[in-house]
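Subject: Structure handover

Hello,

Here is the structure I said I would pass on. Please open it first; my notes on what was found follow below.

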Amino acid sequence: MKLENQNILIFSNEPWGDVWYSKHNWAFELSKKNNVFFINPPKKWCLKNLFKISITSYTERLKILNYNNLLPFTRLGWLYQINNFIISRRIKNYIHKNNGAEFIFWTFDPYRFTNPKLFSPKFAIYFIADKYQTQKEKELISNTDFFITVSKELTNNLVLKKLLVLSHGISSSEFSVDEDVTIEEGFALYVGQIDYRIDYELVIKMVENFPDKRFLFIGQPQHNLSDKNFKRLFIDKAYSNLIHLPPIHFKRLKNYIAKAKICLAPMLLHVHGNNINHHKLLQYLALGKPVLAPTFRDYEKNELIFSYSSPDDGIAILQRIFNYEEEPILFDKRIIFAKQFTYENLIIKVEQFLTETNN
């Protein structure tokens, strides 16, 4: 089945904005050849809003749909079911009225619309990009036709008959820089959410061991004042060589990556679902950059990633990277590796999967 000239509803648990995750990238890439409606999660319920739908255009073929819940307290079972039933029908009727065609149901969100059949779609896809395994997810699985995931690790203990395992994707536009960044090159860079998944103890060791090197973190801090290391780094701003920038548009991150000496993914492997591949790794590799990260399960045998087994090991590797110039061939190899996972290539795999499993 070709994913061309289709109407696709993409349900996201993250709203449309400057910060993009898998769901935003897939929506953008699919909209190059399809009509895509990106369904934002609803804002907090209030009486004056009740239920309404609005659509804004991001591009000619990518629309952002906003709606309000009809009922409050929709986490409660029976209220959830009523709200889910009514809103599913209303969104379906709204899309039909304004688009006049059938559509594909494609969700990243296991907490809303767990019965895709209420939308009467051509078929339903559940894209598993995080580890949930909740009762609502089980309900969604029972009502879904096809499943895609970025790692088998995320589907342990789930019974999924029609499952496609894909890597994270990278846009073809991420392989070239389109503007200059007014910051001196040569820094260590992290992009993404600055939250509980990061090894802040290791970050402190990095900035303390290399006081003459700059460490740039771009992302939204999730303030956790109980974590003394997070507080020291991002609240107290105890280190002058740690620079923090708030989130910038996803499509501009590559311009900072291009200026980096090394890119970081100092994630805590024991955090639930955190030991698999991460989208940021492909962003780094697409511009040929060396990457320092713990040993992610999906990159265990990948020589293009500098994997550390302990904090001291990580510091030693970082020392070598700062002090020596790499062989140019490694730069090229990283780019060649990342190009395997362009969205054009991944979409072909999805098309083959839908065709083969539907026969």
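What radius of gyration would a compact globule with 359 residues have, and what does the chain have? A compact globule of that length would come out near 21 Å, and the chain has 22 Å, which agrees. Please keep in mind that this is a predicted model.

Overall picture

Taken along the principal axes, the C-alpha atoms fill a box of roughly 60 × 45 × 40 Å. Of the 359 residues, 53% are buried. Among contacts with a separation of 6 or more, 69% are between residues 24 or more positions apart. The secondary structure consists of 10 helices and 14 strands.

The sheet of 8 strands

An open sheet of 8 strands runs in the order β3-β4-β2-β1-β5-β6-β7-β8, and its pairing is mixed. Its edges are β3 and β8 (163-165); each has a single partner strand, so one side of each is left without a neighbour in the sheet. On average, neighbouring strands here are turned by 20 degrees against each other, direction ignored.

The β3 end of the order shows both senses of pairing. Strand β3 (residues 53-59) is joined to β4 by 6 bridges, and the two run antiparallel. They form a hairpin with 2 residues between them. Within this pair, S54 has N66 of β4 as its bridge partner, and I55 has L65 of β4. On the other hand, β2 (residues 35-39) pairs with β4 (residues 62-67) in the parallel sense, over 4 bridges. There, the bridge partner of F37 is K63 in β4.

Helix α2 lies across β1 (7-11), β2, β3 and β4, and runs at about 145 degrees to β4. Helix α2 covers residues 77-99, and S88 is found in it. Is S88 buried or exposed? S88 is buried, with a relative accessible area of 0%. Leaving aside residues up to four places away in sequence, S88 touches F113, L118 and F119. For a sense of scale, S88 and S240 are 152 residues apart in sequence, and their C-alpha atoms are 51 Å apart in space.

The loop between β5 and β6

The loop between β5 (104-107) and β6 (124-128) holds D109. D109 counts as buried, because its relative accessibility is 3% and the cut-off for buried is under 20%. Which polar contacts does the side chain of D109 make? A polar atom of the D109 side chain lies 2.9 Å from the backbone nitrogen of Y111. The side chains of D109 and R112 are joined by a polar contact of 2.7 Å. Not counting residues up to four places away in sequence, D109 also touches F11, S12, N13 and L140.

S120 lies in the loop between β5 and β6 as well. S120 is partly exposed, with a relative accessible area of 46%.

Most residues other than glycine have a negative phi. S120 has a positive value, with phi near 50 degrees. N157 also has a positive value, with phi near 75 degrees. N157 is found in the loop between β7 (146-149) and β8. With a relative accessible area of 74%, N157 is exposed.

The sheet of 6 strands

In what order do the strands of the open sheet of 6 strands come? The order is β11-β10-β9-β12-β13-β14, and the pairing is parallel. The edge strands are β11 (242-245) and β14 (305-308), each of which pairs on one side only. Neighbouring strands of this sheet are turned by 25 degrees against each other on average, direction ignored.

Strand β9 (residues 188-191) pairs with β12 (residues 262-264) in the parallel sense, over 2 bridges. The bridge partner of L189 in β12 is C263.

Where to look first

To get your bearings, the hairpin of β3 and β4 is one place to begin. From there, follow helix α2, which lies across β1, β2, β3 and β4. S88 is in α2 and touches residues including F113 and F119.

Regards

How values were computed
Residues numbered from 1 in each chain as written. Predicted model: local features only at pLDDT ≥ 70, side-chain atom pairs only at ≥ 80, totals over all residues. Heavy atoms only, no water. Pairing = 2+ DSSP bridges. Axes fitted to C-alpha atoms, helices over the stretch in contact; angles between N-to-C directions. Rg over C-alpha atoms; globule rule 2.2 N^0.38 Å. Buried < 20%, exposed > 50% of the residue type's maximum accessible area, 1.4 Å probe, protein only. Contact = heavy atoms within 4.5 Å. Polar contact = N/O pair within 3.5 Å; in protein donor to acceptor, adjacent residues only side chain to side chain.
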